[in-house]
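Open the structure in your viewer and keep the selection tool at hand. The tour goes from one stop to the next, with a short note on what to select.

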Amino acid sequence: MSMMLDRRKLLLGSAALAGLAALPRAFAQPASPPAGPFTLPPLPYAANANEPHIDAQTMEIHHGRHHAAYVNNLNAVAKDHGQIASLPLEQILAKLSEMPEAVRTAIRNNGGGHANHTMFWQVMGGKGGAPAASWPRPSPATSAASTS
């Protein structure tokens, strides 16, 4: 078998290489600001506040792209469904069975993802250490019962 490089192999290889080179840039594009009733809340602390356990780049990608995608997708659904756009997210999720069946899955996935991530940023806290005094703690009796 000859290892000769013909024109077709050269063109295919070049196209594949160019595609691979563009791939990181495609995923690194910042999400466009969401247009619609749902907005991406800012991180409540600096992106590097959880270092060394979670680096700033991971936080920026997870918040600015992943969470933003949930918001953008939810706004895309709301654009064509006025009843969704007029309700707070908590009510939309609570009344999921009343939402149009055609977009129910998109609402559940993107609305749920948006709600979960909004809570996630708050729970992570950005400071590390023990939970705040207001964090619900089990009573000593409950803790003892769960360990026995």
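Start by selecting H2 and H5, whose axes come within 9 Å and cross at roughly 145°. Axes here are lines fitted to C-alpha atoms, for helices over the stretch in contact, and angles run from 0 to 180 degrees between N-to-C directions. Two packed helices are described by the angle between their axes and the distance between the axes. The crossing of H2 past H5 is left-handed; that term applies if the near helix is turned anticlockwise from the far one by less than a right angle, and right-handed if clockwise. Colour the contact residues of this pair by type: 12 are nonpolar, 12 polar and none charged. For this count, Ala, Val, Leu, Ile, Met, Phe, Trp, Tyr, Cys and Pro are nonpolar, Asp, Glu, Lys and Arg are charged, and the others, Gly among them, are polar.

A note on the model: it is predicted, local features need pLDDT of at least 70, side-chain atom pairs count only at pLDDT 80 or more, and totals for chains, interfaces and linings use all residues. Residues are numbered from 1 along each chain as its sequence is written, and side-chain values use heavy atoms, with hydrogens and water left out.

Now show the whole protein chain as a cartoon. Its secondary structure comes to 6 helices and 0 strands; helices (H or I, at least four residues) and strands (E, at least two) are DSSP runs, numbered from the N terminus. Of the 148 residues in the protein chain, 21% are buried. Buried means under 20% relative accessible area, exposed over 50%, and partly exposed in between (1.4 Å probe, protein chains only).

Stay on H2 and select His-67, which is found in this helix. Is His-67 buried or exposed? His-67 is buried, with a relative accessible area of 0%. Its side chain makes a polar contact with the side chain of Trp-121, at 2.9 Å. A polar contact is a pair of N or O atoms within 3.5 Å; within protein, one must be able to donate a hydrogen and the other to accept it, and residues adjacent in sequence count only if both atoms are side-chain atoms. Leaving aside neighbours within four places in sequence, His-67 is also in contact (heavy atoms within 4.5 Å) with residues including His-62, His-114 and His-117.

Next, select Phe-38, Val-71, Ile-92 and Ile-107, which are among the 12 residues of the largest nonpolar core. Such a core is a set of buried Ala, Val, Leu, Ile, Met, Phe, Trp, Tyr and Cys residues joined through side-chain atoms within 4.5 Å. Helices H2 (56-79), H4 (89-94) and H5 (101-124) each supply at least two residues of this core, and H2 gives the most, with 4 residues. Centre on Ile-92: beyond four places in sequence, Ile-92 is in contact with Phe-38, Ile-84, Leu-87, Met-99 and Ile-107. Apart from this core lies another, of 7 residues, among them Leu-43, Tyr-45, Ala-56 and Met-59.

Finish in the loop between H1 (7-28) and H2, where Pro-52 lies. The peptide bond from Glu-51 to Pro-52 is cis, with omega near 10°. Ile-54 lies in this loop too and is partly exposed, with a relative accessible area of 28%. Not counting residues up to four places away in sequence, Ile-54 touches Met-59 and Met-124.
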